[in-house]
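User: I have a two-chain model open and would like to go through it with you. Can we start with the terms and then take the parts in turn?

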Amino acid sequence: MRLDAFSVCYNYDIITAVDNVSLSLESGEFVGILGPNGSGKTTLLRVLTGALKPWAGTVLLDGEEVHKMRPKLVAQKIAVVAQNGYIPFPFSVLEMVMMGREPHMARLSRESPQDMDIVFEAMEATGVTHLAERSVLDLSYGERQRVVIARALAQEPGILLLDEPTSHLDPGYRMEIMDIFKSLTRRKNIGVLAVLHDVNLASVYSDRLIMLNRGKKVAEGLPWEVVTKEIMKSVYGVRAVVRKHPVVGCPQVMLVPGFIDGRVEGESPKD
Amino acid sequence: MKPDPVTHSAYRAKRKKSLVILTILLFAAMVIAAGVGAVTIPIAEVASILFRRIPYISKYIPNIGAQDVYETIILEVRLPRILLAVIIGGALAGAGATLQGLFGNPLADPYIMGISSGAALGATIAISYKLPSFFPGLSSVPIAAFLASIATMTAVYFLAGVSGRVSMDTYLLSGVVVSSFLWAVMSFIMMLSGDSLREIMMWLMGSLSNKGYAHVKMAFPYVGFGISVLLVMARDLNLICLGDDEARHLGVDPEPAKRIIMLASSLVTAASVSVGGIIGFVGLIVPHTVRMVLGPDHRLLLPASVIAGGIFLVSADTVARTLIAPSEIPVGVITALVGAPFFFYVLRRRKMSES
């Protein structure tokens, strides 16, 4: 399964949110999208799911134009995990994860034993099986996010789009959830496209990175090609030192605060 | 780990069992209601008279000494009113459950979209100008109320620009504004219509007195059709109440689905308000109570609310017509008086069972 965007543009009235962005994602790949606030990351994601129709350019899901496909068909192939939304009613965890089967079910049919198997397998994968009967409203933010991920897995997607899925989580939960996503690319050959805020996290987990700024793609490539001192400066306007992660070997950014300016100026990073 | 078979089957059995129990309760409430009144009729005889009217099972029901008088009272006087209570109660509770899901707001009720104000204006005009009726057995009031509420529904729909892409908030706001405009017009007409004021007030409070099969026939097709549509959309409603994006990610295009759901619930509300007046609280409290007991899954919540709404309104109406007989209390007064304390009872019990 593959997702390709060709020269996609999207405007909100006169404000350009996404400007001529092309990208592609294949099965088993983990691609991170980085960029400052308001750089068009979320809008790009919405164009990729077909929720927004691009003003120019096109998005192809396995060669088919995504915004012309029925949402149900798209949902059979693409699952989305965003930040937790407002849930108005106390759905149980089981009911919530079961909703992931909706794209595969006919309108008036009941879920089959196979659907149930898939749902329980998904809950198992994110470790929420023991919460099955609990109301999602009683769960912590981290637990709730794992329920939403289980629901996405129950969709049996070929492609997973993530919109800052870990931004409100503590380091423990964050690594746990990112590990789940990474293992999906290996075990299930799912392609993951993740909008991430945390540059270091993105660098650790992504095979490829895309950097957006003001709606434009300003860099794309391996983490070492995108996470550089120069790009950190030009995109985020921050002074940064880039070092190698001692265990993973990917680039890690250390930000230099303003008050320390004078002392760091003369020192040059060793690598 | 293999899926837990207990959880699996319990999950499905719960649905079936609750609906069966509610249906039995509904029939019980109808039978009791048919026996209670100025003339009290023993339950066995009521059951015999009623169930012999149902095809297929009629031959198994013994005819236990039911006198013709009883039969006339039950079939001609009480049954149409009971059926109407079931239809209206079911319609209001079903529409309420739907709108609470649609707006993702547990405070929504069927009247939130201004339909009741349209119906009220129609009824007020028909009553104070004594419009002539064209249908046998049906005064001009329900007809005028229905036409006006459909007109209101259309107006709110287009004023909010729902044909384009618009948020539910705009729709709600449009409903509120149209509704206060209509109430103003109605108050003006009421002010000028000295002698029919009491009749208008009675209508506004909601009452099922002096209703016959003509009213049942008028309301049932719209309510039946609308509720069927809503039941088919129950699954979409589960996703829509989580937000437009979530719904889309799970394969439901939210805009057309919301439009269908809105129109169907408006139709159901319009039909029931036209024949029963503005009966408050049913559409708010019944879905709430059902949700607290059975959970928020609309595939169970909607049908269960419809049946429970029927039970609730039949019971409330029975109290309304017997409590200070031969006078009647408007049933809307009873639903509010009984509904509010009952609601808190359920709320408390739930809190206690949780701790």
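Analyst: Two residues are in contact if their C-beta atoms, placed from the backbone, lie within 7 Å. Note also that this is a predicted model.

User: Fine. What covers the buried residues of H5(B)?

Analyst: The cover includes helix H4 (115–128), helix H6 (168–192), helix H7 (197–205), helix H8 (213–232) and helix H11 (254–276) of chain B.

User: And which residues of H5(B) are buried?

Analyst: Among them are B:Val141, B:Pro142, B:Ile143, B:Phe146, B:Ile150, B:Met153 and B:Val156. B:Ser149 and B:Thr152 are buried too.

User: How many residues does that H5(B) helix have, and how far does it reach?

Analyst: H5(B) covers residues 140–159, which is 20 residues, and reaches 28 Å from its first C-alpha to its last. That is close to the 28 Å expected at 1.5 Å a residue. After the helix comes B:Gly161, with a positive phi near 70°.

User: Over to chain A. How many helices and strands?

Analyst: Chain A has 10 helices and 12 strands. Its radius of gyration is 20 Å, close to the 18 Å that the globule rule gives for 271 residues, so chain A is as compact as a globular protein of that length. Along the principal axes, its C-alpha atoms fill a box of roughly 70 × 40 × 35 Å.

User: What percentage of chain A is buried?

Analyst: Buried residues make up 44% of the 271. As for contacts in chain A with a separation of 6 or more, 65% of them are between residues 24 or more positions apart.

User: Now the sheets. What is the strand order in the six-strand one?

Analyst: The order is E6-E7-E8-E3-E9-E10 in chain A; the sheet is open and its pairing is mixed. E6 and strand E10 (216–221) are the edge strands, each pairing on one side only. From one strand to the next the twist averages 15°.

User: How do E3 and E9 of chain A pair, parallel or antiparallel?

Analyst: Strand E3 (residues 30–34) and strand E9 (residues 208–213) of chain A pair in the parallel sense, over four bridges. A:Gly32 has A:Leu209 in E9(A) as its bridge partner.

User: Which way do the residues of E6 (residues 78–81) in chain A point?

Analyst: A:Ile78 and A:Val80 point one way, A:Ala79 and A:Val81 the other, and all are buried. In a regular strand the side chains alternate between the two faces of the sheet.

User: And the order in the sheet of four strands?

Analyst: That open sheet has the order E2-E1-E4-E5 in chain A, with antiparallel pairing. Strand E2 (15–26) and strand E5 (64–65) stand at the edges with a single partner strand each, so one side of each is left without a neighbour in the sheet. Two bridges join strand E4 (residues 56–61) to E5(A), and in E5(A) the partner of A:Leu61 is A:Glu64.

User: Where does A:Leu52 lie?

Analyst: A:Leu52 lies in the loop between helix H1 (41–48) and E4 of chain A. It is partly exposed, with 19 other C-beta atoms within 10 Å; the cut-off for buried is 20 or more.

User: What does A:Leu52 touch?

Analyst: Leaving out residues up to four places away in sequence, A:Leu52 touches A:Tyr10, A:Thr43, A:Arg46 and A:Val47.

User: Last topic, the interface. How many residues of chain A are in contact with chain B?

Analyst: 30 residues of chain A are in contact with 27 residues of chain B. On the chain A side, helix H2 (71–77), E6, helix H3 (93–98) and helix H4 (113–125) give two or more residues each. The largest share, four residues, comes from H4(A). By class, the chain A side has 19 nonpolar, five polar and six charged residues.

User: Which residues of H4(A) are buried?

Analyst: A:Met116, A:Ile118, A:Val119, A:Phe120, A:Ala122 and A:Met123 are buried in H4(A). H4(A) has 13 residues and reaches 18 Å from its first C-alpha to its last. A:Gly127 follows H4(A), with a positive phi near 70°.

Conventions
Residues numbered from 1 in each chain as written. Chains lettered and ligands numbered in written order. Predicted model: local features only at pLDDT ≥ 70, side-chain atom pairs only at ≥ 80, totals over all residues. Buried ≥ 20, exposed ≤ 12 C-beta atoms within 10 Å, placed from the backbone. Nonpolar A, V, L, I, M, F, W, Y, C, P; charged D, E, K, R; others polar. Rg over C-alpha atoms; globule rule 2.2 N^0.38 Å. Pairing = 2+ DSSP bridges. Axes fitted to C-alpha atoms, helices over the stretch in contact; angles between N-to-C directions. Expected span 1.5 Å × (residues − 1).
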